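Trainee: I would like to go through the labels on this model. Please set each value against its cut-off.

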Amino acid sequence: MLYKGLRLAARAAPKLAFCNATPALRQLPLQFQHVRTYADQVIKVPQMAESISEGTLKQWNKKVGDYVEQDEEIATIETDKIDVAVNAPEAGTIKEFLVNEEDTVTVGQDIVRLELGGAPKEGGAEKPAASESKEAAPKDSAPTPEKAPEPKKETKPAAAPAPTPAKKETPAPKQETTPAKEAPAALGNREERRVKMNRMRLRIAERLKQSQNTAASLTTFNEVDMSALMDFRKQYKDEILKKTGVKLGFMSAFSRACVLAMRDIPAVNASIEGPNGGDTIVYRDYVDISVAVATEKGLVTPVVRNVEAMDLVGIEKSIADMGKKARDGKLTIEDMAGGTFTISNGGVFGSLMGTPIINLPQSAVLGLHAIKERPVAVNGKVEIRPMMYLALTYDHRLLDGREAVQFLVKVKEYIEDPRKMLL
């Protein structure tokens with residue numbers, strides 16, 4: 001009876017392969033080993049980072065029934081720092097979603113069921129349906145002898161009825177209606193929309209408020225004449241672009257100027273660490289600059305590491321690469337971890353003046369602003385020069401006003417005479 005049952009199953013599913021057989025079935029002759037049920041695999045939330053244990057399933061990139069290749073992206077999980085892609089570990093067909101969009105998911109949680117197997121053949125499911133429709137068509141459309149087309153009979157036009165005198169229509173009595181009082185027209189659209197903050201925006205808000213509550217923030221200002229740096233960039237940008245493919249900007253020059261100024265004022269590159277608000281100052285011999293980049297989801301600060309060992313072209317290339325990754329949503333946790341100093345360039349949006357907020361546990365942040373032509377006194381004469389306001393927000397617990405002002409003045413001097421950076 002066992003052989004007979006297996007033979008019937010093999011006839012019913014000739015294309016299925018034998019899989020996961022019990023030891024008793026493996027001992028059967030090979031002609032009976034054709035029964036298989038495709039295995040299902042449950043995909044879990046991947047490991048995201050040591051500091052991230054949960055996120056929001058922001059979007060399903062596939063639908064139930066879709067076939068996916070190995071490593072193809074199925075869903076996107078939004079965390080407070082980055083977006084994490086969920087990829088298919090093997091090729092197969094999506095059978096079921098175990099969570100919905102906007103649900104909170106944790107690392108290791110089951111989120112989708114995948115039926116492993118090759119891609120379905122194109123048109124394989126449509127052919128039987130097409131053949132069935134073809135078979136059904138003759139039954140429905142074949143003419144029967146009883147409904148053979150009959151010759152048309154000539155019919156005489158019916159006589160027109162005699163005209164009847166038109167009756168005078170009496171107008172219906174109008175009903176007296178009292179006009180409804182019209183509501184006063186609104187002066188404009190007064191609708192409201194409530195949108196839940198995404199995890200990254202919530203995290204940014206938490207970090208900024210933490211910085212205000214922790215650091216003794218103070219901001220000092222200065223202005224810098226950009227004439228020399230703009231001439232330098234104008235003279236060499238085409239040559240550098242042709243040789244290296246890098247567009248020379250201003251961020252690399254300011255980064256290099258900050259590195260050189262930190263050699264004289266090392267506290268700018270230090271931080272306070274320890275319990276109860278910190279009881280230890282950490283000085284560093286390396287400089288990792290966090291570059292503030294505005295994205296659709298919020299402000300992120302990818303880190304350019306070991307800037308002290310780079311030249312202007314290397315710094316510019318690293319900043320451009322990090323900016324592109326941020327705008328494409330491809331930053332990783334490693335790209336944003338650490339950072340000893342931050343540069344925020346609000347001038348690209350037209351900001352004339354601002355006070356940046358410290359990115360804890362760092363001790364200072366430099367704010368760049370828009371370049372505007374203004375009259376300035378040069379050697380006793382009034383000249384129109386491209387000027388930029390600089391703002392340095394620093395933690396007064398670690399930096400005194402003298403050190404902060406001296407640091408900003410040194411940055412100003414390097415920018416106004418870029419040749420000093422070569423000495």
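**Labels and cut-offs**

Mentor: Start with Trp 60, which counts as buried because its relative accessibility is 11%. Buried means under 20% relative accessible area, exposed over 50%, partly exposed in between (1.4 Å probe, protein chains only).

Trainee: What makes Phe 97 partly exposed?

Mentor: Phe 97 has 22% relative accessibility, so it counts as partly exposed.

Trainee: What are these values based on?

Mentor: This is a predicted model, where local features need pLDDT of at least 70, side-chain atom pairs count only at pLDDT 80 or more, and totals for chains, interfaces and linings use all residues. Residues are numbered from 1 along each chain as its sequence is written, and side-chain values use heavy atoms, leaving out hydrogens and water.

Trainee: How many aromatic pairs does a search of the whole structure find?

Mentor: Three. Rings of Phe, Tyr and Trp (its six-membered ring) pair if their centres lie within 6.5 Å; planes under 30 degrees apart count as stacked, over 60 as edge-to-face and the rest as tilted. One of the pairs is Trp 60 with Phe 97, at 3.9 Å centre to centre and 10° between the planes: stacked.

Trainee: Why is the pair of Phe 341 and Phe 407 called edge-to-face?

Mentor: Their planes are at 65° and their centres 5.9 Å apart, so the pair is edge-to-face. Both Phe 341 and Phe 407 are buried.

Trainee: How do you know that the charged end of Arg 374 sits over the ring of Tyr 389?

Mentor: The distance from the ring centre is 4.2 Å. The rule asks for NZ of Lys or CZ of Arg within 6 Å of the ring centre and within 35 degrees of the ring normal.
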